[in-house]
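Biologist: Could you walk me through how to read the contacts in a model like this one? I would like the general idea before each case.

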Amino acid sequence: MVLLDIDYITRDDKAVVRLFGREKNDPTGNSIIVLDKGFKPYIYVVPHDLDPCREQLEELDVLNVEKVEMKDLGREKEFLKVTLKHPQDVPKLRDTIRDLSQVEDIREHDIPFYRRYLIDKGLFPMGEVEVEVETASPEMNCVSSDKGASIVELKGQIRPVNSDFPELKILSLDIEVYNPKGMPNAEDDPIIMISLSSNQGLRMVISTAESPLDFAETVEDEAAMIQKFVEIVEDENPDILIGYNSDNFDFPYIKDRAAILDIPLNLGTDGSCLKFMKRGFTNAALVKGRIHLDLYLIMRRYLQLDRYTLERVYLELFGQEKYDIPGDEIHQYWSDGGERLEKLFRYSLDDAVAVTEIAEKMIPLTLELTRIVGQPFFDVARMTTGQQVEWYLIRKANEQGEVVPNKPSASQYSNRRGKRASGGYVKDPVKGLHENIVYFDFRSLYPSIIISKNVSPDTLVDECNPEKCHISPEGGYMFLKEPPGFVPSIIGNILTERVRLKTLMKESTDDEEKKILNVQQEALKRLANSMYGVYGYSRFRWYRLECADAITAWGRDYIKKTMEKSEKFGFKPVYADTDGFYAVYEGEVSD
DNA sequence: GGGTAGCGGGG
DNA sequence: GTGTACGCTACCC
């Protein structure tokens, strides 16, 4: 099956992992939920003295304490792996454990249970998994509707299978709200239209208003509108539900109105209701078994624009103006009826269709990142690139037997926040209109420096024989030449894989295959380029200002030396920034 | 200059 | 849920 999402529930005080999937490569395939009772939460403990520490830990209410050999920034160390009864025991017990006299530190105590599962089992969301299962016992079946997923229990192996991109069924939605007083308020202002658009041809506007338009679906009242919406989601059974700013507008609004009208919103494949997760100060709307994607977040990440309205984004991607009704006029179009109402119907559907079109263009990259980072699509779509890098590194660390560094404490974080790595070299532009301009740039300057100078927290040393070290031109930071550091070796693998994909892309004669390979190599490039950031951003586990500083120091050195060299060949640099410079050719100059 | 409050998208 | 955004600008003192 295709693994769409994952979470866990508690049954008999025990955690049961739920894998949400769909029958492989068949968008009309059935939804499946696989239950796995066999996975236990654990953390690592750094002991002062192994045996006394073990004794202290065994007195606690835990399942098991076991000695393990793991690496900590490249150095072999002995840890105690403490297995707990329930994921929620981790936050409950971790302070107690950390405060034990024989405990030096605790590690990997903040890795969500389902993420730990994916990493340990080597599973990749949106990839295919093979499972040995049997029909689940009835008490595990929490589906309220006969349209929901079939539920099975894992009885044996679960393993990843290499496969192509899954074919996904997507359904976009957009609501219109009656809003005579400006921004609508869910307590007073009803939903007047719910528009839906799928990548399989569905186009529909559910409304209480009558309309001769063929995509209009007229219902009795607002309650029926929401009910019809739930029915269509069940019938269409999409893998991905998409909206624009739907985390913070459409879904919260639908939820509030459904609560007022007393309509159950069981949109999940397990029959569960729409839920919200607090993520900082904003929400993420969650539909179990489907992936809710808020395109607004994606567009902010991938486009560099002054504004991110749906209209602006559509124009940027497709070069076409979208017909727009200003928000504060919607209630008038609604009340006017006739031609104006028809325009509102068209506008509403247009928005949903635009969301589908944008999604089809934007989903491949996020899909690819999901399959590299190895965390749920829902999560990856809401992560910053820095977080994507971090979870990728956490998975890699695990593969290499490395214990992951802790997140910074509040005080470490505020300490780091004031500091900043020095930047790239910038030469102010020479004023004027320049002709015969040439541009020089370094391909992937920072990733190249990380690899060639082996810049990594585990290779950074205080003192070292200069022959065995790379020493940065400013700051004099020293990095061992051998062995390859954790981050450099990973970037190395990424770049090697990228070269392989680019070669395949050039050799390929199939346009569709070329496109997919291109998305894949772009995703790897993004990841490699953002890897430098982990060293300089205060919240990161592999934060090391010395590394960030050393990288930019080498960067400035390379670009300045290249500019000097270019002058010997008759070029006059007029502007430079970080990894490239512009120069005017002024003819042969001898030195 | 240093520090903080407020904002984005959505109707 | 093994959780609490983010990066920028406007404006204040």
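Predicted model: local features only at pLDDT ≥ 70, side-chain atom pairs only at ≥ 80, totals over all residues.

Modeller: Gladly! Let's begin with a polar contact: a pair of N or O atoms within 3.5 Å; within protein, one must be able to donate a hydrogen and the other to accept it, and residues adjacent in sequence count only if both atoms are side-chain atoms. Here, an N or O atom in the side chain of Gln88 is 3.2 Å from a base nitrogen of DNA strand C.

Residues are numbered from 1 along each chain as its sequence is written, chains are lettered from A and ligands numbered from 1 in the order in which they are written, and side-chain values use heavy atoms, with hydrogens and water left out.

Biologist: Which elements give two or more residues to the surface near DNA strand C?

Modeller: Helices (H or I, at least four residues) and strands (E, at least two) are DSSP runs, numbered from the N terminus. The elements in question are helix H2 (89–99), helix H3 (113–121) and strand S15 (275–279), with H2 giving the most, three residues.

Biologist: How many residues surround DNA strand C?

Modeller: A residue is near a strand if one of its heavy atoms lies within 4 Å of it. There are 24 around DNA strand C, and the closest are Arg94, His109, Phe113, Met277 and Arg539.

Biologist: Now the domains, please. How far apart are the centres of domain 2 and domain 3?

Modeller: Domain bounds come from an automatic or database domain assignment; in chain A they give domain 1 (1–164), domain 2 (170–373) and domain 3 (407–585). Taken over C-alpha atoms, the centres of domains 2 and 3 are separated by 41 Å.

Biologist: What area is buried between domain 2 and domain 3?

Modeller: Buried area is the accessible area (1.4 Å probe) that two parts lose on being put together, summed over both. For this pair that comes to about 620 Å², with 79% from carbon and sulfur atoms. Leu365, Glu368 and Ile372 supply 60% of what domain 2 buries against domain 3.
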